[in-house]
Amino acid sequence: MTAERVAIVGAGLTGSLLACFLARRGLTVALYERRPDPRVGQPERGRSINLAISERGLDALRRIDLVDQVMADALPMKGRMIHPVEGPLDFQQYSASGARAINSISRGTLNNALLDAATQAPGVEVHFEHRLLELDSQGGRMVFETPAGKVEEHADVVLGADGAGSAVRGALLAEGILNEEVDFLDYGYKELSIPAVGGEFALDPGALHIWPRGTSMMIALPNPDRSFTCTLFWPAGSFDALSNEGLIERHFAKEYPDLLPLAPGLVDDYLHNPVGVLGTVHASPWQAHGRTALIGDAAHAIVPFYGQGANCAFEDVVELDRCLDDTAGSWARALPLFEHRRRENTEAIAEMALANFVEMRDKVASPVFRLGKRIEHALERALPGRYVSRYELVSFSTTPYAEVRQRVHRQHQFLAAAVLLGAGVVGAAARIARSERRVRDTGGRR
Ligand code: FAD
């Protein structure tokens with residue numbers, strides 16, 4: 001089937017990028033977004049203000065010639081800066097060479113650049129203030145709530161890029177086509193901010209700052225206006241306990257003493273910013289009838305601790321485009337193929353993202369972790385291309401996530417074997433030396 005008309009529900013990061021890719025294929029695309037046009041209004045609060053884009057996201061942007069424009073507003077972060085409760089800061093570079101960086105980008109600026117590109121692309125219409133209410137996944141009939149009342153639309157193909165709480169996924173669930181499980185993390189997050197001081201960054205803008213505190217954790221990413229946006233992750237029930245100025249200031253003075261003087265709006269931010277929820281979406285299948293499908297967070301939202309949700313969603317778009325190439329543009333064949341190729345990869349990054357939470361929250365400050373990272377970087381330098389760290393493969397390559405998981409597992413097995421072998425050789429050498437000493441001491445008598 002060659003599609004006459006493709007509907008994309010959701011003009012967030014995934015939907016806007018997808019519209020650009022499909023326009024290049026000469027398709028007619030209608031992009032429906034529940035919000036008003038974000039380019040003319042105030043950005044919505046709640047979702048992270050900035051995010052880290054790395055190689056997978058950049059690869060997608062390169063394919064639509066948007067990477068230079070987006071990177072012009074990005075701030076490269078070459079490592080993590082660890083803030084202990086007391087004592088000096090500790091910078092840990094991300095790559096063995098120290099040269100590679102992930103990029104702090106404003107979510108709003110990125111979304112607007114993608115929306116601009118989508119609106120300028122031939123064949124794309126964007127309909128703001130259209131919230132999907134109903135969907136018939138087999139017939140392609142959609143009902144939207146708009147300021148002018150309910151509107152009915154039709155499309156040959158419907159792609160749900162409407163985020164973690166996807167209405168398209170909800171419709172497939174209601175039709176009995178899909179199963180879903182949402183694993184909510186018992187942690188929530190709240191955004192706080194560190195303004196510029198005298199027009200300058202209050203912290204090093206070349207790093208992603210982390211305050212690891214065991215049960216809680218805070219991170220901060222730089223913004224082009226020289227402020228930092230901090231995200232405090234804490235067990236969801238804990239936020240309410242700090243209900244007034246005194247309690248908030250006392251808590252931050254104890255747990256984040258270096259932050260307090262840098263965040264004059266802390267109390268206000270804390271009392272007024274919402275607590276966001278975090279979770280992993282497992283849904284199956286992602287497509288129905290070869291004409292309705294989920295993509296990005298709508299199919300597989302993950303927790304944000306590897307900074308990969310949007311990167312992974314962008315990679316989805318590249319893969320869907322590749323599947324259309326490989327099936328001569330047949331949606332009926334491309335959509336199942338897309339699911340087949342992407343599922344194990346999205347499951348792998350979902351798992352790695354959860355594991356990285358423990359690393360960021362608990363381990364990064366420990367001397368054993370720091371030593372491990374130094375050994376890992378030394379191995380990468382000694383065995384270039386043969387030993388590559390998980391962080392490097394996830395953030396600085398487009399190696400499929402499932403392959404990253406397998407490769408890292410093999411590398412760890414190899415290292416464990418080498419350590420055992422080394423210990424065995426040392427042990428054997430020690431035994432030989434001991435026995436030779438005994439022979440010498442006894443004058444050769446056994
Ligand atoms: P969304 O961004 O959720 O967009 C969905 C769009 O659909 C929205 O515009 C919404 O308004 C619209 N919509 C929803 N329902 C309807 C409806 N019924 N009708 C019409 N439109 C609808 N990822 C990274 O790669 N790096 C990071 O550093 C990073 N940091 C993060 C930090 C936090 C705290 C969080 C929560 C996430 C982070 N992510 C990060 C993940 C990233 O934000 C998501 O993976 C990404 O936004 C997914 O894009 P999306 O377009 O699929 O979904």
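**Strand pairing and helix packing in the predicted model**

Pro76 stands opposite Asn103 in strand 7. The model is predicted, with residues numbered from 1 along each chain as its sequence is written; local features need pLDDT of at least 70, side-chain atom pairs count only at pLDDT 80 or more, and totals for chains, interfaces and linings use all residues. Side-chain values use heavy atoms, with hydrogens and water left out. Helices (H or I, at least four residues) and strands (E, at least two) are DSSP runs, numbered from the N terminus.

Three bridges join strand 4 to strand 7 (residues 102-106), and the two strands run antiparallel. Strands count as paired if DSSP finds at least two bridges between them. Axes here are lines fitted to C-alpha atoms, for helices over the stretch in contact, and angles run from 0 to 180 degrees between N-to-C directions.

A second open sheet has three strands in the order 9-10-11, and the pairing is antiparallel. Strand 9 (131-136) and strand 11 are the edge strands, each pairing on one side only. Neighbouring strands of this sheet are turned by 25° against each other on average, direction ignored. Strand 9 and strand 10 pair in the antiparallel sense over five bridges. Leu132 has Phe144 in strand 10 as its bridge partner. Six bridges join strand 10 (residues 141-146) to strand 11 (residues 149-154), again antiparallel. Here Met142 has Glu153 of strand 11 as its bridge partner. Strand 10 and strand 11 form a hairpin, with two residues between them. Strands of a sheet pair through backbone hydrogen bonds, either parallel or antiparallel.

Helix packing was examined next. The axes of helix 1 and helix 4 (residues 107-120) come within 8 Å and cross at roughly 25°. Helix 1 and helix 4 are therefore roughly parallel to each other. Angles under 35 degrees count as roughly parallel, over 145 as roughly antiparallel, 65 to 115 as roughly perpendicular and the rest as oblique. Helix 1 passes helix 4 in a left-handed crossing. A crossing is left-handed if the near helix is turned anticlockwise from the far one by less than a right angle, and right-handed if clockwise. Leu13, Ser16, Leu17, Ala19 and Cys20 of helix 1 make the contact with Arg107, Leu110, Asn111, Leu114, Leu115, Ala117 and Ala118 of helix 4. Contact means heavy atoms within 4.5 Å. The residues of this contact divide into nine nonpolar, two polar and one charged. Ala, Val, Leu, Ile, Met, Phe, Trp, Tyr, Cys and Pro count as nonpolar, Asp, Glu, Lys and Arg as charged, and the others, Gly among them, as polar.

Helix 1 (residues 13-24) also packs with helix 2 (residues 55-63), at an angle of about 40° and with the axes 10 Å apart. The two are therefore oblique to each other. The crossing of helix 1 with helix 2 is left-handed. Leu17, Phe21 and Arg24 in helix 1 meet Ala60, Leu61 and Arg63 in helix 2. By class, this contact has four nonpolar, no polar and two charged residues.

Helix 2 packs with helix 9 (residues 309-326) at an angle of about 45°, with axes 7 Å apart. Helix 2 and helix 9 are therefore oblique to each other. Their crossing is left-handed. From helix 2, Arg56, Gly57, Asp59, Ala60, Leu61 and Arg63 take part; from helix 9, Asn311, Phe314, Glu315, Val318 and Arg322. The contact has four nonpolar, two polar and five charged residues.

The structure holds 28 salt bridges. A salt bridge is a side-chain nitrogen of Lys or Arg within 4 Å of a carboxyl oxygen of Asp or Glu. One joins Asp321 and Arg24, with the closest N and O atoms 3.7 Å apart. The pair links distant parts of the chain, Asp321 in helix 9 and Arg24 in helix 1, 297 residues apart.

Two backbone features were noted. Most residues other than glycine have a negative phi, and most peptide bonds are trans. Asp65 has a positive phi of about 55° although it is not a glycine. Asp65 lies in the loop between helix 2 and helix 3 (67-71). A cis peptide bond joins Ser284 and Pro285, with omega about -5°. Pro285 is in the loop between strand 17 (276-284) and strand 18 (287-288).
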